[in-house]
Amino acid sequence: MNIIGPDYLVFGVDDFPACVQYLTDYGLAPTQVSSNVAWFEALDGTGVRVHLRDDPSLPAPMETATQLRETVYGVASEADLQAIEAELKKDREVTRGDDGVLRCVDDMGFALGFQISQRRVINLGAETVNAPGDNVNRAANVLGVNPEAPAAPRSLSHVVYFVPDYEKAEAFYTRIGFVCTDRFTNVGPFLRPAGTQDHHTLFLIQTPPFMKGIEHFTFHMGGPTDVMIAGTRFVEKGYSSFWGPGRHLMGSNWFWYFNSPFGCHVEYDADMDLHDDEWLAREAPPGADSSQYFLFAHQPKWAPGGPPKPSESPAGVQ
């Protein structure tokens, strides 16, 4: 079952205008915006669809407060859709919509869809780095920093679910070809589907039942500098940083998380590890040391000779 990864996420939201503005400022391209439905895309066509919460066309909401209504995965071919349908019809209802999306509900109650992937091929260079001892990767007179760089999200990377039973949830996804790449002990696994080498497109986190829902979603950027540029611009537009910037240990991806009106966090990420079937999953206890390799905190720009930096202020003065 050649599942590539999430093609798009569907939300039913409380504050539709705020969510539309948020995704616009985040850097996704609005491809369709009306008074009650909005589509946003990354450079490869993956994206997010936003509806008003009470839109009757949406899958039924969960019993919790989560605003996520559906996760739609892209697959490689019609044969993959048929294989998924045959497997899941063994124990649940599976339907095929007029839009060609195969739909069901997983064992935790998350609405899922599967379609032949609509991702577009993009040919864009990654961030280049010059280092002593290596070949020259960025030629003479080619600048490494461009204040006008677009720093646009390239592809929907992954989604993270809060679940009340991660073992049961993991068993469902392994049925359709996901494998565990790493895990946090008694918390949950990072899962990679067969159609990608990305460290994970899904991460499951054990929580009490009332928290069930989406914790965050993220898009891949062109490199750590793109993460820093996009995140800084986001802060300057008034959005509040939640965690980062920094770099994870599991997956090695750079990250910067922000609060959002979607009732979850939204991340920029870059430079995720790739794994094949020869990789042996690691296991680590949960905690700060295993969650990130290093972590920074955003501060306003500063120059020598200016006022003291916040870290240099007298004790108790901010």
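Tutor: Let us start with two terms: two strands pair if DSSP finds at least two bridges between them, and helices (H or I, at least four residues) and strands (E, at least two) are DSSP runs, numbered from the N terminus. This is a predicted model: local features need pLDDT of at least 70, side-chain atom pairs count only at pLDDT 80 or more, and totals for chains, interfaces and linings use all residues. Residues are numbered from 1 along each chain as its sequence is written, and side-chain values use heavy atoms, leaving out hydrogens and water.

Student: Which are the edge strands, each pairing on one side only?

Tutor: The open sheet here has eight strands in the order S2-S3-S4-S1-S5-S8-S7-S6, with mixed pairing. The two that pair on one side only are strand S2 (29-33) and strand S6 (95-96).

Student: And what angle does the direction of helix H2 make with that of S8?

Tutor: Helix H2 (residues 78-88) packs on this sheet and touches strand S1 (3-13), strand S5 (68-75), S6, strand S7 (102-105) and strand S8 (111-116); contact means heavy atoms within 4.5 Å. Axes are lines fitted to C-alpha atoms, for helices over the stretch in contact, and angles run from 0 to 180 degrees between N-to-C directions. With S8, the direction of H2 makes about 150 degrees.

Student: How many of the residues of S1 are buried?

Tutor: Buried means under 20% relative accessible area, exposed over 50%, and partly exposed in between (1.4 Å probe, protein chains only). S1 is joined to S5 by seven antiparallel bridges and to S4 by six parallel ones. S1 is mostly covered, and the buried count is ten of its eleven residues.

Student: Is Ser117 buried or exposed, and at what relative accessible area?

Tutor: Ser117 is placed in the loop between S8 and strand S9 (155-163). Its contacts beyond four places in sequence are Ile4, Asp7, Gly74 and Val75. Ser117 counts as buried because its relative accessible area is 17%.

Student: How long is the polar contact that joins the side chains of Ser117 and Asp7?

Tutor: A polar contact is a pair of N or O atoms within 3.5 Å; within protein, one must be able to donate a hydrogen and the other to accept it, and residues adjacent in sequence count only if both atoms are side-chain atoms. For Ser117 and Asp7, the contact is 3.0 Å.

Student: With which side chain does that of Asp273 make a polar contact?

Tutor: Asp273 is in the loop between strand S16 (265-270) and strand S17 (282-284), and at 24% relative accessibility it counts as partly exposed. At 2.7 Å, the side-chain partner of Asp273 is Ser252.

Student: What is the phi of Ser252?

Tutor: Ser252 is found in the loop between S14 and strand S15 (254-258), and counts as buried at 18% relative accessibility. Although Ser252 is not a glycine, its phi is positive, at about 65 degrees.

Student: Last one: which residues does a cis peptide bond join?

Tutor: Look at strand S14 (residues 241-247), where Pro245 lies. With omega about 5 degrees, the cis bond joins Gly244 and Pro245.
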